[in-house]
Amino acid sequence: MDGLLYLEDGTVFRGRGFGYPRTSAGELVFNTSMTGYQEILTDPSYAGQIINFTYPLIGNYGITADDNESSRIHAFGMAAKNICFTPSNYRSVMTIDQWLFDMKVPGIFEIDTRALTRRIRSHGTVKCVISNQGLSPSEARDFCDQAVLRNDHMKRAGVRQRVRIGGTGRRVAVLDFGVKQNILRSLEKRNCDVYLFPYGSSADELMSVNPDGLFLTNGPGDPQEAAEAAAEVKKLMGRVPMFGICMGHQVLALAAGGKTFKMAYGHRGGNHGVYDKETGRSCITSQNHGYVVSAQSVILSGMEITHFNLNDGTVEGMRHNTWPIFSVQYHPEASPGPNDSDHLFDRFMDLMDRFSPNLRPAAAGGINTAKGGGHHA
Amino acid sequence: MPKSPDLNKIIIIGSGPIIIGQAAEFDYSGTQACKAIREEGIETVLVNSNPATIMTDPDIADKVYLEPLNEEFLEKIIGRERPDGILAGFGGQTGLNLAMSLAKKGVLDKYGTRLLGVNEESIRKAEDRDEFRSLMLQIGEPIPPSVIATTLEECKAFAREAGYPLIVRPAYTLGGTGGGFAQNEEELVYQCRMGMENSTIGQILLERSVAGWKEIEYEVMRDAKDNCIIICNMENFDPVGVHTGDSIVVAPSQTLRDAEYQTLRSASLKIIRELKIEGGCNIQFALDPKSSDYIVIEVNPRVSRSSALASKAAGYPIAKIAAKIALGYSLDELKNYVTQNTSACFEPTLDYCVVKFPKWPFDKFMTAARRLGTQMKATGEVMAISNNFESALLKAITSLDGKNDGLHLPSVQSLTDGELREKIGVQDDERIYALAEALRRGAAVDVLHRSTGIDPWFLNCLKNITDMERRLSTEKLTPSLLYQAERMGFTDQEIKDLSGAHRAAMQDIRIYNDIFPVYKMVDTCGGEFKAKTPYYYSCFDREDECQISDRQKVLVIGSGPIRIGQGIEFDYCCVHGVWALQKAGYEAIIMNNNPETVSTDFDTSDKLYFESLHMDDVMNVIKKERPQGVIVQFGGQTSLNLAQRLAERSINILGTSYTSIDLAEDREKFSDLLHKLDIPTPEGRAVATEEEAFAAVNDLGYPLVVRPSYVIGGRAMQVVYSDEELHKYLKGAVSLSTEHPVLIDKYIQGKEVEVDAVADGSDVLIPGIMEHVERTGVHSGDSISVYPSCSLPETVKATLTDYTKRIAGALHIVGLVNIQYAWDGERVYVIEVNPRASRTVPILSKVTAIPMIELAVNAMLGRKLTDMDWGTGLAENRKLYAVKVPVFSSEKLTDMDVALGPEMRSTGEVLGLDTDLEHAVYKGFAASGTRIPTKGNIYVSLRDAEKTEQAAAVLEKYAKQGFSLYGSAGTCEYLQQFGIPAGFLSEEDVLLGITDPENCCGGAGETVTAGGAGCARDAFAAGNTGSAEKNLATGGAVGAGKNLAAAGGAGSAGKNSAAGDAFHPSLLHI
């Protein structure tokens, strides 16, 4: 079947279609990872987006039962240079073609993915239509014009109701904007007693399980659409240790009174260097975000920038000057990508051990790390 | 942290001559390191004995010592220069071993200098098998069951316990010398002996084999702040069992899930951190295809062949960054040199697929064992880039030499099914062709997977290729089919052959449907950031991002993979060609496919096309760039062979025209020309049949030189002395090249002289004359040669100058020409003319300081020698001597005939340089690592024709120096006739003496034979072919004698030198 990718400005890429025959509209982004297509496609943060893979050979090792980051594909479609129909890996259970078909997601291949990437690089992310149903460019244009893209996917990407995931250790309330499995696995590995809360949970609901810490997850969309979540989080700042990743990091910035803004084309891949001001060292990170925290705005809101991106200097991590709150823009849980920053989860454990509200029930004025000093070390 | 402030002067140790396992990659990395250090304002001193390299150019370092790489000379240089630091991680195993022993001996402490980038402990932990194993166990990284052994008993005991197959790895060697597989006790004993002998400390590692697992490599970098990054990972096409240097390699890995990729990545980081390496290292893993279990195979704690490949594959200059790290910089302080505005602290991402394919010397060494194992046999490699694996693979195959159009090998296609199955079962250099042939005959992928262990993903890609072949041969050639075939990397010739379409029809489809390749950039970041480096590859896709400037441009065609007969010297010429063009105001564009070289470094030329040098690809680049002209005379025979087809397509070849090239290479036409010029040449005939050949013998008489026309490095050339030999030659070797007739020339016994000249169409400049030590008949590449000529009378030099000028004039040479002459004591004969750069150009350029390539480029651009300040005619001798000594890699290629002859066998060369000849000779030998025996036994066996007074005089010298002579019955008698004492030794005894490796190491004393240029062990190995007698006869006791006579003199010179005063500091750097 023929595949077509129509960009809002009228640019058309023709290729071959695969996966599920379907037409959908979304925000076109590119990802530069060379491995991990299954993890990427199932990452809820890609909800509403059509992913262009810069690595030209996709599907080589098939689809496995172990590599999902959520129960389904969240991306609205994918584009690749080549798709492998004869995958090889001892864990492979099906081809990516079959999987996309089963998941009802359209794909297009044999297009110039590098040209597409270069276009996104110079013009920014763009609204687009992907179709493998033989649409003509004018039909695609009409489809594109009519499609309304949403920026609030974080409201639906996570759980619909509170879910408890075992564990006998530290109790963590997780506010779910569309969490990746490996974040939960990272908490489970540390024997945390995890409660997953749906979007829209109030501060009181979050505190109702007497958590030792609050975790704010990754998720899709524009963080400013999550204003009500930020408002609830704000109420809890100073009452409970917090750790945020990606969307969670951005919501924390908003909660503190900072600002976020949209980047031209974001960071998506597994190869950016991030400098850690506290250790003076750098690590390689897994990245997936289209919005970023304004450094100036969070500094004025009582936050300190702890990490920045070595390529463009954008904020990659921050912590609160007074309270045990920290966050990173990148993905320490990896999957896909390097797991150089797994230790951040240990740091969260440490903060909970020292500043859990359960240690000092009903302490007036909340917790303050400035005097304790430990958070800064 | 920024660079250490206490570093003002640094010595960089090079890797010496090119041998298998240590090739051009160290010129590339060393050159990068020099540039990286020099740009910091640090005085850079380079030591290397290899004259063919770019790094030994006066432009690269502040001071260059073209000196032997051994402790004696290094200590002197360190003592004289008093550097603050030494960089040894850029000179391969040679540099590293040398630095280690200098450190151990306290030389570094004595002169207050320190090792930069590597430390003794890291090297020891990484390279000492025992320490490495304990370290891995300590940090919980898996390794296979193994034992460190120094005796055969230990090996056998381990085998009883662990079972077969076992793998033998000697400690401290390069390219896996002396390593191998053992399936049973007999093989075990053989391999263990070899291994212990090859290890510098007599130690081997014996381990249970994980043959069949995936072999994966990671290139890792670390700085002093402990920041670590992966530059690139690579997956071998062949499973564990074949040395990675002999494997087809793809980058990045193709069959690893992210989880597997990251597991090995994390392990790599853990290992480099534990070893505390500051700079680059290579880590090899074996990964079980049926689980995610892995083991660590080995670590190379330095830049390597793999890191050169990774640098070119990823666009990340590992050596340059490693050098900066050695100075004290951390990764996050450095920029990405490709994008120029992002950080060097990141991991390159590829948006293309890279295939590396080895170049093996089996076409030259027909008797050498082709089977591949843990000991590397390839002399070089090619790399190809595309947006799919099939096309990258096919491009790599067409890169190997310009003649291969696809995944075919006639010798494999003619095999029966049974033979084919057998062939597939053996891991040799031709297996991939056999696999393709099996797929063509309908073999199933899983069957092939079971019999080879090659991952089905790769086999399916081969099947995609053979499926396309079938489509082309059965379907009508539509625009879509043509596009799909082109996209998969099929050459025009292949498409034409398979589809039966006419070239013109194909061209029409192509033009009407715009089916031409586009060029994409290698930018380290998958297009995420704007890159400034003009490094391109072709693929069939939509957007072409290659910007064409409106400057005047010239395309320089590179020399392809390093192989015997065409080494790094041609890369030197191409790089200098680029520089000269830039100096003359032109945009210089280079096209090449060798990842090991300086020419393919992204900042060497104005634009780099990393492409196959197949005619299709060359024409595509020409179509894209529309250069004013193309230079084909710097890339050796590879680029010269394109001349005809370029000329047919009316492409402007700069300098000597194709007509002249053809005139020089067509022996009959050339011989006519010489007759007209009244310049003697050995009488000869071109024959097409055996009858004609024997008719020619009647006219000319033996001995004769026989060869096919159009050759590289004297391939399939031989001296024959009898009807029997001639008959054998015509039956065997000649089928190699059927396109052209066989040439039979009278063999001139005498002295061989080599002249390189620059010509401008009217004048010539001869920078120097080099005289060969070996007599005629030994390939010039294998000869020891001396600058300036020291035994030629002035009249002969005048004749040589006159002939050179007249030949260059008659051929209308513009640019470089290399002429080989023979002088039999009376007359000067022209042996051959090469209308191109030669092996000796870098040597003469360095020794005489005449910028030959620059002058040649200027001549090609229309300038005259008389306007160029360097004069014309034969340049005056500089007051120094240079002795080029060839270096062989015969310990890597078993079952190879080591006798010297007209077929070139050496892989590299060194230069000995000094103000007097004896010192220069001594340095040449010292640099080549030749052990010069001063006592012992010599076995001599001569054919009747060789039993001359001259030979006796040479042998008598040996006897007088205290050597004991032994000989075959006839030779003994002959020696006794001349009053030279000699003992009889039967052939069996000789073979016994030479096949037993115990004897080889001195038990039976030293033995000297076979041209003298190889080491004593080479001579022993000759016995393996069972033709010791023939070797001696052709290699010549006379030749050997000459060498030794010279060497003997040098031996005493060496003693002087060691004594101290004879050291000539002023000339150590040129």
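Biologist: Which hand does the crossing of α15(B) and α17(B) have, left or right?
Modeller: In this predicted model, local features need pLDDT of at least 70, side-chain atom pairs count only at pLDDT 80 or more, and totals for chains, interfaces and linings use all residues. Residues are numbered from 1 along each chain as its sequence is written, while chains are lettered from A and ligands numbered from 1 in the order in which they are written. A crossing is right-handed if the near helix is turned clockwise from the far one by less than a right angle, left-handed if anticlockwise. The crossing of α15(B) and α17(B) is right-handed.

Biologist: How does α15(B) lie to α17(B)?
Modeller: The axes (lines fitted to C-alpha atoms over the stretch in contact, with angles from 0 to 180 degrees between N-to-C directions) of α15(B), residues 431-440, and α17(B), residues 456-474, come within 9 Å and cross at roughly 60°. Since angles under 35 degrees count as roughly parallel, over 145 as roughly antiparallel, 65 to 115 as roughly perpendicular and the rest as oblique, that makes α15(B) to α17(B) oblique.

Biologist: How many nonpolar residues does the contact of α15(B) with α17(B) have?
Modeller: B:Leu435, B:Ala436, B:Leu439 and B:Arg440 of α15(B) meet B:Leu459, B:Leu462, B:Lys463, B:Ile465 and B:Thr466 of α17(B), contact being C-beta atoms, placed from the backbone, within 7 Å. Besides 1 polar and 2 charged residues, the nonpolar ones number 6.

Biologist: Which helix gives the most to the side of chain B that touches chain A?
Modeller: Here 46 residues of chain B are in contact with 41 residues of chain A. Helices α9 (258-275) and α17 of chain B each supply at least two residues of that side. With 6 residues, the one that gives the most is α9(B).

Biologist: What percentage of chain B is buried?
Modeller: Chain B has 39 helices (DSSP runs of H or I, at least four residues) and 37 strands (E, at least two). A residue is buried if 20 or more other C-beta atoms lie within 10 Å of its own. Of the 1070 residues in chain B, the buried ones make up 61%.

Note on methods: Two residues are in contact if their C-beta atoms, placed from the backbone, lie within 7 Å. Ala, Val, Leu, Ile, Met, Phe, Trp, Tyr, Cys and Pro count as nonpolar, Asp, Glu, Lys and Arg as charged, and the others, Gly among them, as polar. A residue is buried if 20 or more other C-beta atoms lie within 10 Å of its own, exposed if 12 or fewer, and partly exposed in between; C-beta atoms are placed from the backbone.
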